[in-house]
Amino acid sequence: MKSEIAPVRPTTTTAPRSWQFTSSWRGVRLARLTVTEQLAQWGWPVETDTAQNAALIVAELAANAVLHGRLPGRDFGVRVGVVAPLPGRPGPSTVRIEVSDSRGDRLPAPRTGPAPDPDPGAESGRGLVLVDALAARWGSVPRPPSGKTVWAELHPAHPHPADARPTDTRPADTRFTGARPAGA
């Protein structure tokens, strides 16, 4: 299981991009296409594993936001950014995906053991199992005043693209959600 609360670690990042989508199946599709296009602009074309895995993660998290986090009249939000290690600190670049919705009372429950086999005839129940399989790590955090953000991180197969210049040195876990680091 890779679900966790993300520890603070020093990094640099590209400026994250964020969008709002209607809480509908059309919104899920548009979120997936928008993130795929953004990754292509950052140097990961649609045919790369990074873009395809990110598209699947966005689709699953957005579908969960529509199914389980929807409140009438409220949209869901998507943020994506690239986090690179600080110079002199080895480590992989990270693509961080966040999907936020308005239902903070429904946090995804991390599995503590092996995932049960889903009913072969069931139309749902596999989304977070797929996210867990594709992401390097994932988790969720409350989004005040009443929502939540579910995030996932991917480690791309090739290095951080040169045109995605690092611009932000705040800890990775505070820069997208707007949370303040402990003691700030």
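A salt bridge, as the term is used in these legends, is a side-chain nitrogen of Lys or Arg within 4 Å of a carboxyl oxygen of Asp or Glu. The structure holds four of these salt bridges. Please keep in mind that this is a predicted model, in which local features need pLDDT of at least 70 and side-chain atom pairs count only at pLDDT 80 or more, while totals for chains, interfaces and linings use all residues. Residues are numbered from 1 along each chain as its sequence is written, and side-chain values use heavy atoms, with hydrogens and water left out.

**View 1. Glu153 and its arginine partners.**
Side chains of opposite charge can pair when their charged atoms come close. Here Glu153 and Arg96 meet through their side chains in a salt bridge, at 2.7 Å from N to O. This pair links distant parts of the chain, with Glu153 in strand 6 (residues 147-154) and Arg96 in strand 4, 57 residues apart. Helices (H or I, at least four residues) and strands (E, at least two) are DSSP runs, numbered from the N terminus. Glu153 has a second salt bridge partner in Arg137, where the closest N and O atoms are 2.6 Å apart. That pair, too, links distant parts of the chain: Arg137 is in strand 5 (residues 137-143), Glu153 is in strand 6, and they are 16 residues apart. For reference, buried means under 20% relative accessible area, exposed over 50%, and partly exposed in between, with a 1.4 Å probe and protein chains only. A network of salt bridges links Arg96, Glu98, Arg137 and Glu153.

**View 2. Lys148 with Asp101.**
Lys148 forms a salt bridge with Asp101, and their closest N and O atoms are 2.9 Å apart. Lys148 belongs to strand 6 and Asp101 to strand 4, so the pair links distant parts of the chain, 47 residues apart. Both ends are buried: Lys148 has 4% relative accessibility and Asp101 has 5%.

**View 3. Ser102 in its loop.**
Ser102 lies in the loop between strand 4 (94-101) and helix 3 (127-134). Its relative accessible area is 7%, which makes Ser102 buried. Which residues does Ser102 touch, not counting those up to four places away in sequence? They are Gly69, Leu71, Arg74, Asp75, Arg143, Ser146 and Gly147, where contact means heavy atoms within 4.5 Å.

**View 4. The largest nonpolar core.**
A nonpolar core is a set of buried Ala, Val, Leu, Ile, Met, Phe, Trp, Tyr and Cys residues joined through side-chain atoms within 4.5 Å. The largest one has 28 residues, of which Leu39, Phe76, Val78, Val80 and Ile97 touch the most other members. Two or more residues each come from strand 2 (17-21), helix 1 (25-41), helix 2 (49-68), strand 3 (76-85), strand 4 and strand 6. Helix 2 gives the most, with seven residues. Leaving aside neighbours within four places in sequence, Leu39 is in contact with Trp44, Thr50, Ala51, Ala54, Val80 and Val95.

**View 5. Helix 1 against helix 2.**
The two helices pack at an angle of about 155°, with their axes 9 Å apart. Axes are lines fitted to C-alpha atoms, for helices over the stretch in contact, and angles run from 0 to 180 degrees between N-to-C directions. Helix 1 and helix 2 are therefore roughly antiparallel to each other; angles over 145 degrees count as roughly antiparallel, under 35 as roughly parallel, 65 to 115 as roughly perpendicular and the rest as oblique. Residues making the contact include Trp25, Val28 and Ala31 of helix 1, and Thr50, Ala51 and Ala54 of helix 2.

**View 6. Helix 2 against helix 3.**
Helix 2 and helix 3 pack at about 150°, with their axes 9 Å apart. This pair is therefore roughly antiparallel. Asn53, Leu56, Ile57, Glu60, Leu61 and Asn64 in helix 2 meet Gly127, Leu128, Leu130, Val131 and Leu134 in helix 3.

**View 7. Two proline sites.**
The peptide bond from Pro144 to Pro145 is cis, with omega near 10°, and Pro145 sits in the loop between strand 5 and strand 6. Pro92 is found in the loop between strand 3 and strand 4 and is partly exposed, at 49% relative accessible area.
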